[in-house]
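Thanks for coming, everyone. Let me put the model on the screen, and then we'll walk through its rings, helices and open spaces.

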Amino acid sequence: MTLFFSICKGESHHMPNRTKQVAESALLLGISTVLLFLGTYTFFGELVLMAIPVSFILLAVQRSGRDMLVVIVVYATLGLLIAGIFGMLVGVGLALVGTVMGMMYKGRSSALPAVFGGAGVLFGLILVSLAVATFFMGINIGAEYDRLAQTVTKGTLNLSQRLGISEELIEQQISLSFVLLPSFLVVFSLFFSGVNHWLASIVAKRTGHPIPVLKPLREWSFPRSFLIYYFISLLLILIFQSSLMQGYWGSAILNVRYILDIAFIIQGLGLCLYVIHAKRWKYLTPVLIVSLFIFPPITNILSLLGIFDLGIGLRKRLETRM
């Protein structure tokens with residue numbers, strides 16, 4: 001790691017600039033290749049693979065698109081040699097995510113476009129993977145999900161009886177989770193991109209090449225138009241509730257509603273963090289975050305706070321009283 005930071009900082013001034021770039025690229029490619037190997041052949045799996053885009057973010061911030069194309073081709077060759085065709089495709093996909101994020105950091109003061117850009121690339125790659133699995137490999141995604149649902153239902157049957165929950169209700173929740181699969185993928189893509197931004201910002205700060213930062217969560221605020229979309233989706237759900245699960249538009253409405261619910265939870269959480277920061281109650285921040293996992297109903301309260309914050313400007317009203 002000392003060598004890594006020394007090269008990235010450019011402490012070896014006797015090196016020609018091009019040679020230094022090649023050495024830096026080789027080092028980061030080596031790290032990414034090791035991560036791909038560990039992610040493919042060890043029990044670390046997905047946790048290790050999640051860090052692969054970081055190296056390409058650090059490279060793309062300082063390289064041209066042509067240079068990054070060469071880097072990705074070299075990485076694809078290395079990935080094919082050590083992880084096979086499937087591992088190579090996974091590695092190249094993650095490299096593309098990091099490259100797009102790194103390119104989008106250039107000339108910007110905020111990291112948000114890069115985070116959304118990386119999430120968009122990952123989401124697109126997941127959709128392409130599902131399309132290939134369905135149309136070229138003959139895998140029926142719906143049938144596989146139903147099989148998994150049956151396994152989960154059987155596994156939770158005893159638990160449902162103890163809790164007094166009907167098996168039918170469990171099946172309905174599992175069916176709903178399949179309908180909401182696009183939303184889950186969107187949320188996962190944003191989470192994945194956000195984690196890589198966080199990791200890259202830590203390393204970039206150490207190497208002396210900082211990247212744009214995200215605003216603190218307490219300063220986040222979504223457009224008020226989200227309220228219009230929310231109430232329209234809520235009205236449509238109430239009107240077409242019986243047939244909502246059976247068509248494309250019903251699935252789309254449910255997914256929109258789910259994503260908006262998450263947005264309002266984040267808005268409400270930002271409001272609470274704003275109040276904590278203004279009142280200097282820093283000790284309450286970890287308590288609030290931990291409570292979200294221990295007491296899930298708190299998310300409903302945060303969602304309501306988020307709706308009020310957007311609807312009546314609750315945060316601005318609090319500003320005048322603090």
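Let's start with a definition. Rings of Phe, Tyr and Trp (its six-membered ring) pair if their centres lie within 6.5 Å; planes under 30 degrees apart count as stacked, over 60 as edge-to-face, and the rest as tilted. On that basis, the structure holds eight aromatic pairs. Take F188 and F192: their ring centres are 6.1 Å apart and their planes are at 45°, so this pair is tilted. F188 and F192 are four residues apart in helix α10, and therefore separated by about one helical turn.

Some ground rules. This is a predicted model: local features need pLDDT of at least 70, side-chain atom pairs count only at pLDDT 80 or more, and totals for chains, interfaces and linings use all residues. Residues are numbered from 1 along each chain as its sequence is written, and side-chain values use heavy atoms, with hydrogens and water left out. Helices are DSSP runs (H or I, at least four residues), numbered from the N terminus.

Stay with α10. What does α10 do with α12? Their axes come within 8 Å and cross at roughly 35°. Axes here are lines fitted to C-alpha atoms over the stretch in contact, with angles running from 0 to 180 degrees between N-to-C directions. The crossing is right-handed, meaning the near helix is turned clockwise from the far one by less than a right angle. On the α10 side, the contact (heavy atoms within 4.5 Å) uses L181, P182, S183, F184, V186 and V187. On the α12 side sit N255, Y258, I259 and I262. Eight of the contact residues are nonpolar, two are polar and none is charged. For those classes, Ala, Val, Leu, Ile, Met, Phe, Trp, Tyr, Cys and Pro are nonpolar, Asp, Glu, Lys and Arg are charged, and the others, Gly among them, are polar.

Now the open spaces. On a 1 Å grid over the protein atoms alone, a cavity is a set of points where a 1.4 Å probe fits but cannot get out; a pocket is an open set with protein on both sides within 12 Å along at least five of seven lines; lining residues have an atom within 4 Å of a point. Points are joined across faces, edges and corners, and volume is the space filled by probe spheres set on them.

The largest pocket has a volume of about 1,700 Å³. Its lining has 40 residues, with L190, F191, L217, W220 and I266 nearest the centre. Which helix gives the most to this lining? α10, with eleven residues. By class, the lining has 31 nonpolar, six polar and three charged residues.

The second largest pocket comes to about 1,100 Å³. It has 28 lining residues, and F86, V90, L125, I126 and S129 lie nearest its centre. Here α6 gives the most, with eight residues.

Last, the cavity. The whole structure has one of 30 Å³ or more.

Methods
Helices (H or I, at least four residues) and strands (E, at least two) are DSSP runs, numbered from the N terminus.
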